[in-house]
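Here is a short tour of a protein model for you to follow on screen. Keep the sequence and the 3D view open side by side, and find each residue as you read.

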Amino acid sequence: GDDGRLRQIILNLTSNAVKFTPDGGVILRIKSMPNGILRIQVEDTGIGVPENKTKSIFDEFAQADSSHTREYGGTGLGLAIARDAIRRQGGDIVLEDSPHGGLRARVRLPL
């Protein structure tokens, strides 16, 4: 694994979660699995992402709702950069609804 990319992945995912969580909280979990897989999970209680936007949210300059650009700021590059760094290391990322409201990002990286 590339430590610089790993830091960028964690920073982008947690920054995004904090930005879109006006109330509640953000949880970061990192676990090294016996099979050499590093699991990263970022879960928030924020505004979430509509189901029909979970794939396009990874596109560069994309946000789930264009009004979020004005309300929350940002360029819409954080998730695209994170996904690219994850894929370049042979990993994958999945976004899903968090059971506590908001969003959960699950990352698997082979190390």
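The largest cavity in this predicted model has a volume of about 70 Å³. By the rule used here, the model has one cavity of 30 Å³ or more.

- Helix 1, strand 2 and strand 4 are the elements that give two or more residues to the lining of the largest cavity.
- The lining residues are Leu13, Asn16, Ala17, Val42, Asp44, Leu79, Leu95, Leu103, Arg104 and Ala105.

**The overall plan**

- The protein has three helices and four strands.
- Of its 111 residues, 38% count as buried.
- Take the contacts between residues at least 6 apart in sequence: 51% of them join residues at least 24 apart.

**Helix 1**

- How far apart are the end C-alpha atoms of helix 1? They are 24 Å apart, which agrees with the span of 24 Å that its 17 residues (3–19) should have at 1.5 Å a residue.
- At the N-terminal end, Asp2 caps helix 1, with a side-chain oxygen 2.8 Å from the backbone nitrogen of Gly4.
- The buried residues in helix 1 are Ile9, Ile10, Asn12, Leu13, Thr14 and Ala17.
- As you look for them, remember that an α-helix has 3.6 residues a turn, so residues three or four places apart point the same way.
- The cover over the buried residues of helix 1 includes strand 1 (26–32), strand 2 (37–44), helix 3 (78–88), strand 3 (92–97) and strand 4 (103–110).

**The second largest pocket**

- This pocket has a volume of about 190 Å³.
- Which strands each supply at least two residues of its lining? Strand 1, strand 2, strand 3 and strand 4 do.
- You can pick out the lining as Arg29, Ile30, Lys31, Arg39, Ile40, Gln41, Asp92, Val94, Arg106, Val107 and Arg108.
- Six of the lining residues of the second largest pocket are charged, four are nonpolar and one is polar.

**Glu43, a residue in strand 2**

- Glu43 is found in strand 2. Is Glu43 buried or exposed? Its relative accessibility is 5%, so Glu43 counts as buried, the cut-off being under 20%.
- The side chain of Glu43 makes a polar contact of 3.5 Å with that of Arg29.
- Another polar contact, of 3.4 Å, joins the side chains of Glu43 and Gln41.
- Leaving aside residues up to four places away in sequence, Glu43 touches several residues, among them Val26, Ile27, Pro99, His100 and Leu103.

**Gly101, a residue in a loop**

- Look for Gly101 in the loop between strand 3 and strand 4.
- Gly101 has 31% relative accessibility and therefore counts as partly exposed.
- Gly101 and Gly46 are 55 residues apart along the chain, yet their C-alpha atoms are separated by 6.7 Å.
- Not counting residues up to four places away in sequence, Gly101 touches Asp44, Thr45 and Gly46.

Methods:
Residues numbered from 1 in each chain as written. Predicted model: local features only at pLDDT ≥ 70, side-chain atom pairs only at ≥ 80, totals over all residues. Heavy atoms only, no water. Expected span 1.5 Å × (residues − 1). Buried < 20%, exposed > 50% of the residue type's maximum accessible area, 1.4 Å probe, protein only. Contact = heavy atoms within 4.5 Å. Polar contact = N/O pair within 3.5 Å; in protein donor to acceptor, adjacent residues only side chain to side chain. 1 Å grid on protein atoms, 1.4 Å probe; cavity = no way out; pocket = protein on both sides within 12 Å on 5 of 7 lines; lining within 4 Å. Points joined across faces, edges and corners; volume = space filled by probe spheres on them. Nonpolar A, V, L, I, M, F, W, Y, C, P; charged D, E, K, R; others polar.
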